[in-house]
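Please have the sequence and the 3D view open side by side.

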Amino acid sequence: MASDTEISTAYIYLLSIFIASLTIASVLASKIIQIFGLYVPAGVLAYAITFFCTDVISEIWGKPRARSTVIGGFIALIVVLILIQLGLNWPRAPFWNQETAFQSILGSTTRIIVASLAAYLISQLHDVWAFHFWKKMTKDRHLWLRNNLSTAVSQLIDSILFISIAFYGSMPILPLIIGQWIIKFAIAALDTPVVYLVVWLLKNRMADSRNKAAKSG
């Protein structure tokens, strides 16, 4: 087996990217952008990266580690929500005159994070389950198939829940749901070669470590 240090280091790197992408996506989502005529929250790319991370973690370390990653991300969102609320309600310095802008951006972020908590937990847990369902069905073959099938449905679930909770009553939600899902799925399809590359690199490094351990033993 690969050493505990080697495995932990690779996992920590992926987990760091996962948590960073997840939390910043909630802040960026307060802005709506246009991509090829589709309207999506600006956090769409950052959030799509989280599915890439969980798919790699699922493939390398298995379902329990992927589920732990998802739960860890959920805890991170709760911590971010609490810290944002503290920042919003803390009395400002008398010489600081950006309170309106601060409240405008991070105030809307609070609703977005609440939406993220619901959408994230359901969609990510489904992604982990679906990835391993298709892995079993394909007998550990066709990584591209389970990567894209699990992500497509999971991101549809996420888009419906997130957009409905975050923007209902303030923006037209159907174009946002459709736009976000299309862009997320396009990103997932484009990142498939990257998933293959990262999985290949990690598996080869672990195989090398096992061979070295066997020779030294």
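Predicted model: local features only at pLDDT ≥ 70, side-chain atom pairs only at ≥ 80, totals over all residues.

Residues are numbered from 1 along each chain as its sequence is written, and side-chain values use heavy atoms, with hydrogens and water left out.

A pair of aromatic rings is described by the distance of the centres and the angle of the planes. Rings of Phe, Tyr and Trp (its six-membered ring) pair if their centres lie within 6.5 Å; planes under 30 degrees apart are stacked, those over 60 are edge-to-face, and the rest are tilted. The structure holds eight such aromatic pairs. One of them joins Tyr 47 to Phe 51, edge-to-face, with 5.6 Å between centres and 80 degrees between planes. Both residues belong to helix α2 (residues 44–61) and sit four residues apart, about one turn of the helix. Helices here are DSSP runs (H or I, at least four residues), numbered from the N terminus.

Tyr 47 is buried at 8%, and Phe 51 is buried at 1%.

In helix α4 (residues 99–137), Trp 129 and Phe 133 are also four residues apart, about one helical turn. Their ring centres are 5.3 Å apart and their planes meet at 15 degrees, so this pair is stacked. Trp 129 is partly exposed, at 45%, and Phe 133 is partly exposed too, at 33%.

Gln 155 lies in helix α5 (residues 143–167) and is buried, with a relative accessibility of 1%. Its side chain reaches the backbone nitrogen of Phe 185 at 3.4 Å. Leaving aside residues up to four places away in sequence, Gln 155 touches Ala 48, Phe 51, Trp 181, Lys 184, Phe 185 and Ala 188, where contact means heavy atoms within 4.5 Å. Phe 51, from the edge-to-face pair, is thus one of the residues that Gln 155 touches.

Helix α3 (residues 63–89) has 27 residues and spans 40 Å from first C-alpha to last, close to the expected 39 Å; the expected span is 1.5 Å times one less than the number of residues. Its buried residues include Ala 66, Gly 73, Leu 81 and Leu 88.

Technical notes: Helix = DSSP H or I, 4+ residues; strand = E, 2+ residues; numbered from the N terminus. Buried < 20%, exposed > 50% of the residue type's maximum accessible area, 1.4 Å probe, protein only. Polar contact = N/O pair within 3.5 Å; in protein donor to acceptor, adjacent residues only side chain to side chain.
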